[in-house]
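Hi everyone, thanks for coming.

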Amino acid sequence: MNIQIFGVKKSADTRKAERFFQERGIRFQSVDLREKGFSRGELRSVLNAVGGHLELLIDERAKDQKMVTLLRYLAEEDRFDKLLENPQVMKMPVVRNGRQATIGYQPKTWKDWE
């Protein structure tokens, strides 16, 4: 397994995801989205793994409500770039295992990866 956990340290769900893999002795790479965001290819891979809909990645309860609102009204092709620039409005954590990915805390899915 090649697990990557994208999130922020203040996110309770990100910490729970890290604890999930630690408790099972599964090595993972933790990526803080405030320090290092997604690359274009990483975000495209996650998007493809979750069905290709950007709306699934956007956290409607994010603190930056202006950005959430802007993302609702942008053209589809512009949303991707804007989301890439503003990862703080994504649901967290984003957990990748190769070509598979989940959004949010999803231990039932991660157990199937083992």
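**Aromatic rings and their neighbours**

Let's start with Phe28, which is partly exposed at 24% relative accessibility; that label covers anything between buried, under 20% relative accessible area, and exposed, over 50%, with a 1.4 Å probe and protein chains only. Quick housekeeping: this is a predicted model, where local features need pLDDT of at least 70, side-chain atom pairs count only at pLDDT 80 or more, and totals for chains, interfaces and linings use all residues. Residues are numbered from 1 along each chain as its sequence is written, and side-chain values use heavy atoms, leaving out hydrogens and water.

So, how many aromatic pairs does a search of the whole structure find? Six. Rings of Phe, Tyr and Trp (its six-membered ring) pair if their centres lie within 6.5 Å; planes under 30 degrees apart are stacked, over 60 edge-to-face, and the rest tilted. Among those pairs, Phe20 and Phe21 sit edge-to-face, 5.0 Å centre to centre with 85° between the planes. Phe21 is buried, at 0%, and Phe20 is buried too, at 4%. Phe21 also pairs with Phe28: centres 6.4 Å apart, planes at 50°, so that one is tilted.

Zooming out, Phe20, Phe21, Phe28, Tyr105 and Trp110 make up one aromatic cluster.

Now the charges. Arg24 lies over the face of Phe20, 3.8 Å from the ring centre, and Lys16 lies over Tyr105, at 4.6 Å. "Over" here means NZ of Lys or CZ of Arg within 6 Å of the ring centre and within 35 degrees of the ring normal.
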